[in-house]
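Open the structure in your viewer and keep the selection panel at hand. The stops below go from the whole chain to a single side chain.

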Amino acid sequence: MIDNYLREINYLRVSVTDRCNLRCIYCMPAGGIEKVLPRDDILRNEELARIIAAASSQAGIRKIRLTGGEPLVRKGLVDLVAAINDIAGIDDIALTTNGVLLSAMGRDLKEAGLQRVNISLDTLDPDLFRHLTRNGDLRQVWRGIETALELGFSPVKINTVVMRGYNDHEIGQLAALTVKYPLHVRFIELMPVGTSNNWAGDRHVPVSQIKDIIELGLGGLESAHRPAGNGPARYYRLAGAPGTIGFISPVSDHFCKTCNRLRLTAEGMIRPCLYSGWEIDIKGLLRRGASETELGDVFRQAVRRKPDRHCINEGWQDDKRIMSQIGG
Ligand code: SAM
Ligand code: SF4
């Protein structure tokens, strides 16, 4: 569907849970979220499949990304992927994960129809990893990355959030992964969202600086084709590298002009923009027996309400949700 600003909206990011097995400092409070959603409030697999089918047939959604919270902690995720894979019109199913459970689940997910994975990794230092994720084990994530490569997911992207004073000294090392492996490492500016709202500004490193650090340490970057995907990154390559380096700059240089996405929260709210608190309930309608056309109306309304750009520099205005509850 084309929105009011002539953008084609064809991508739905689906948060399948608000729960997580890590507690990243920029995403979750140390003790986890105060009240996780009761199971009954979370959309069930059949409900998600109906919503996605309506999104596809009624509103032209073609691409799905499963996220969370941590999507791999949701029971029945493999069945959900298989169900989405059966929906006519959906031609791309991707996953964003912290990677902890990926070595165990990767094969089943691939067989069910998952095509692509993004794995979050902010450091290669096991102690810093434990600190940043509040007790995560880097070895599990690395096994997940190896599994993704072995299984032939393509592309395998790494999401790295850069924070001054925490992991900015590792930018070169993380970028150098693309020389050794066919990985696509994307450096993301820390956003002031929920938990990180009060301190993100102090830790912010603009993409322009990240790029300079890489070029100074590892040599010039040449422009590269975008690996398959729908994201807002700009891609480059180090000489002779099989992988690429991407930059995502939501804060210093917003990419709203090319935004093609809607979000669906785990409790069934459609959110047209990460940074705008406006949401519309689709679960209630579905549970009251709505038809596919009626579900499609909700998507059409959400597309019409997509703002032309976000207001990230005015701070996080949404006191209802943190990142893991929206679906990053
Ligand atoms: N649990 C999965 C994971 O960590 O990949 C999926 C959900 S997580 C919310 C999705 C992505 O959002 C991760 O790559 C994470 O690093 C990123 N993220 C979370 N909070 C962020 C923030 N304040 N600024 C920038 N990126 C953030
Ligand atoms: Fe969990 Fe992902 Fe948030 Fe980290 S970024 S706490 S892994 S949802």
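**The whole chain**

Start with everything selected: of the 328 residues of the chain, 57% count as buried, where buried means under 20% relative accessible area with a 1.4 Å probe, protein chains only. This is a predicted model, in which local features need pLDDT of at least 70 and side-chain atom pairs count only at pLDDT 80 or more, while totals for chains, interfaces and linings use all residues. Residues are numbered from 1 along each chain as its sequence is written, chains are lettered from A and ligands numbered from 1 in the order in which they are written, and side-chain values use heavy atoms, with hydrogens and water left out.

Switch to the C-alpha trace, which spans about 60 × 45 × 40 Å along its principal axes.

Next, show the cartoon. The chain has 11 helices and 12 strands (DSSP runs numbered from the N terminus: H or I of at least four residues for helices, E of at least two for strands).

**The core**

Select Leu12, Leu66, Phe187 and Ile214. These have the most contacts inside the largest nonpolar core, which has 99 residues. Such a core is a set of buried Ala, Val, Leu, Ile, Met, Phe, Trp, Tyr and Cys residues joined through side-chain atoms within 4.5 Å. Then select residues 45–59: this is helix H1, which supplies the largest share of this core, seven residues.

**One side chain**

What does Phe187 touch? Leaving aside residues up to four places away in sequence, its contacts (heavy atoms within 4.5 Å) include Thr160, Val162, Ile171, Ile214 and Phe247.

Methods
Buried < 20%, exposed > 50% of the residue type's maximum accessible area, 1.4 Å probe, protein only.
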